[in-house]
Amino acid sequence: MNWAAIAAIYRFEMARFFRTLAQSFFSPVLSTSLYFVVFGTAIGSRIQEIEGVSYGAFIVPGLVMLSVVMLAISNASFGIYFPKFLGTIYELLSAPVNFIEIVVGYVGAAATKALFVGVVILVTASFFVELRIQHPFAMAAFLVLTCLSFSLLGFIIGIWASNFEQMSLVPQLVVTPLIFLGGTFYSISMLPPVWQTVTLFNPVVYLISGFRWSFYGLADVPIALSLLAIAAFTGLCLAVIGWIFRTGWRIRN
Amino acid sequence: MNTILSIRDLRKSYADGFEALKGVSLDIREGEILALLGPNGAGKTTLISTVCGITTPTSGSVTVGGHDIQADFRAARRMIGLVPQEIALEPFEKVMNTVRFSRGLFGKRADDGRIEEVLRKLSLWDKRRNAIKELSGGMKRRVLIAKALAHDPRVLFLDEPTAGVDVELRKDMWDIVAELKAAGVTIILTTHYIEEAEAIADRIGVINKGELLLVEDKANLMARMGKKHLSVMLSRPITVIPPALARHNLELNGAGDELLYTYDTHADRTGITKLLNDVAEAGLVLRDVATRQSSLEEIFVTLVKGETP
């Protein structure tokens with residue numbers, strides 16, 4: 001294992017994050033605050049509690065997931081796409097590193113950044129609502145796994161994309177609708193029965209449900225199913241990345 | 001001299017059927033400077049990219065220091081440094097950090113002292129805290145070299161290192177290459193500038209349409225293929241070449257005051273003595289004589305046009 005290479009990639013990617021620390025830190029604080037002002041206070045005050053949890057507190061896990069998922073994807077996709085765009089990927093391809101080391105370096109850094117933002121949002125949320133975390137270890141596990149799995153997805157997108165437009169295609173046209181329709185702002189039990197069934201085909205439902213369970217013990221789907229879903233998603237992403245590096249798809253001639 | 005890089009029957013074909021390399025075999029000796037010459041699309045960059053691991057070969061084998069570039073890619077790649085043709089650098093990154101990154105990527109432990117040496121050698125030390133985007137084109141090229149040298153490679157590939165740089169910087173690059181050679185680094189460079197190969201290479205390889213036409217010591221190549229020209233400058237211009245000189249196949253310049261004689265340096269008899277005697281007997285008075293060797297460029301054009309070496 002080329003640990004020095006993993007550390008070099010990780011440090012290099014984190015340096016990019018720290019160069020824009022103000023943006024990395026204040027942007028999620030601001031957007032989370034806005035969500036709480038609009039949904040938590042203005043609209044949320046007119047919504048009754050959901051299974052004993054105030055609406056403002058109810059949306060916290062979904063909001064964290066929304067930001068973490070989007071950031072994990074954008075950080076990882078940008079991390080590997082930028083060297084392709086600039087041509088600096090030649091160095092990565094000619095270095096004594098294998099695909100596992102490259103993935104650990106890039107995905108590790110992207111997941112760290114997403115995790116940082118997730119924690120910042122949680123801390124910000126605690127100023128607006130009363131947060132309860134019933135299962136802190138499960139919460140941490142869900143958060144870390146989400147950061148990792150969606151960073152893996154972002155890495156795949158970054159390798160697949162051949163221009164900046166494609167980079168934003170999947171996050172905006174696929175992931176954002178799935179998150180918004182995945183129970184970020186509501187419990188799926190509030191939907192008509194038909195839509196409850198349809199919603200079960202949305203993989204993000206399992207993620208948000210599991211994460212919310214770790215806070216309030218409330219789940220739309222069984223917790224085991226949530227864990228299975230995120231594990232399967234992570235495995236699928238790893239399999240795709242393994243195939244990409246074996247074949248050199250979109251990176252090696 | 002030991003062989004440090006061995007290429008055997010290397011082929012690279014693309015999905016559309018284009019053959020970029022058609023069975024290239026080449027041995028590169030430790031410590032030498034080999035210049036690969038060839039027109040655009042000849043396969044120079046493909047050859048380098050394949051050896052360095054950027055392009056996957058269709059068939060054939062490459063070993064670096066005895067390590068196969070596929071089966072033992074880590075050991076092979078640790079020995080190689082690559083300076084690409086295009087300036088590819090992260091614009092917002094600082095010089096020092098980008099060189100540190102390269103060293104780490106090649107598995108070397110952090111050593112700022114070594115990086116300082118490299119940056120000083122390339123006159124980049126004062127720019128170490130500058131972002132790449134603040135540097136001139138020439139400085140960026142030096143950064144690329146610094147990155148390639150950060151892990152102390154024994155073989156350095158320079159793909160068109162002086163493309164688009166001014167004369168002064170080109171000369172600086174040649175000095176850098178000479179220093180690296182003195183330090184024992186084997187250098188393979190591709191270039192369009194024949195004068196570059198002529199100035200710094202030990203051996204010349206000519207590649208065209210994916211085939212290596214020849215690899216030969218520069219001096220031998222120039223001696224073997226080089227023709228010399230003898231200029232006989234006359235005190236008084238003439239309008240026609242005297243019949244007594246017809247057998248020498250001379251050319252008369254437009255002003256009528258210079259006769260040009262072309263001869264082969266390898267011939268047993270160059271015919272110069274006979275020519276000068278005949279010139280004197282024809283009553284022509286010499287003002288001066290001069291000789292000129294064919295340039296590598298002329299040799300290169302001859303080879304690429306498919307004429308017999």
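**Note on a two-chain predicted model**

1. An open sheet of four strands in chain B has the order β12-β13-β11-β14, with antiparallel pairing. Its edge strands, each pairing on one side only, are β12 (251–252) and β14 (286–293) of chain B. Strands here are DSSP runs of E of at least two residues, helices are runs of H or I of at least four, and both are numbered from the N terminus. Two strands pair if DSSP finds at least two bridges between them.

2. This is a predicted model, in which local features need pLDDT of at least 70, side-chain atom pairs count only at pLDDT 80 or more, and totals for chains, interfaces and linings use all residues. Residues are numbered from 1 along each chain as its sequence is written, and chains are lettered from A and ligands numbered from 1 in the order in which they are written.

3. A nonpolar core is a set of buried Ala, Val, Leu, Ile, Met, Phe, Trp, Tyr and Cys residues joined through C-beta atoms within 7 Å.

4. Strand β9 (residues 203–208) of chain B has five of its six residues buried. A residue is buried if 20 or more other C-beta atoms lie within 10 Å of its own, exposed if 12 or fewer, and partly exposed in between, with C-beta atoms placed from the backbone. Strand β3 (residues 33–37) of chain B runs parallel to β9(B), with four bridges, and Leu36(B) stands opposite Gly205(B). Strand β10 (residues 211–217) of chain B runs antiparallel to β9(B), with six bridges; there Arg203(B) has Asp217(B) as its bridge partner. Two residues lie between the strands of the β9(B)–β10(B) hairpin, where Lys209(B) takes a positive phi near 50 degrees.

5. Ser123(B) has a positive phi of about 55 degrees and sits in the loop between α4 (112–121) and α5 (137–149) of chain B. Ser123(B) counts as partly exposed because it has 13 C-beta neighbours inside 10 Å. Glu160(B), with a positive phi of about 50 degrees, is in the loop between β7 (155–159) and α6 (167–182) of chain B. Glu160(B) counts as buried because it has 20 C-beta neighbours inside 10 Å.

6. Helix α9 (residues 272–281) of chain B is hardly covered, with one buried residue among its ten. After α9(B) comes Gly283(B), with a positive phi near 80 degrees.

7. As a whole, chain B holds ten helices and 14 strands. Its radius of gyration is 24 Å, whereas a compact globule of 309 residues would have one near 19 Å; the radius is taken over C-alpha atoms and the globule rule is 2.2 Å times the number of residues to the power 0.38. The C-alpha trace of chain B spans about 75 × 45 × 40 Å along its principal axes. Of the 309 residues in chain B, 36% are buried. Among chain B contacts with a separation of 6 or more, 72% join residues 24 or more positions apart. Two residues are in contact if their C-beta atoms, placed from the backbone, lie within 7 Å.

8. For chain A, the unreviewed UniProt entry places "domain: ABC transmembrane type-2" at residues 19–248. That span is 77% helix and 0% strand. The UniProt "transmembrane region" annotation (unreviewed entry) covers several stretches of chain A, including 141–163 and 225–245. UniProt positions follow the numbering used here, feature names are shortened, and annotations may be inferred rather than shown by experiment. In the model, residues 141–163 of chain A are 87% helix and 0% strand, with end C-alpha atoms 34 Å apart. Residues 225–245 of chain A are 100% helix, with end C-alpha atoms 30 Å apart.

9. The largest nonpolar core has 141 residues, and those with the most contacts inside it are Val68(A), Ala72(A), Tyr106(A), Phe155(A) and Ala146(B). Helix α4 (residues 60–86) of chain A gives the largest share, 14 residues. Leaving aside residues up to four places away in sequence, Phe155(A) touches Ala76(A), Ser77(A), Ile80(A), Val103(A), Tyr106(A), Val107(A) and Ile241(A).

10. At the interface, 21 residues of chain A are in contact with 27 residues of chain B. On the chain A side, α1 (3–19) and α5 (89–93) are the elements that give two or more residues, and α1(A) gives the largest share, seven residues. The chain A side consists of twelve nonpolar, six polar and three charged residues. Here Ala, Val, Leu, Ile, Met, Phe, Trp, Tyr, Cys and Pro count as nonpolar, Asp, Glu, Lys and Arg as charged, and the others, Gly among them, as polar.
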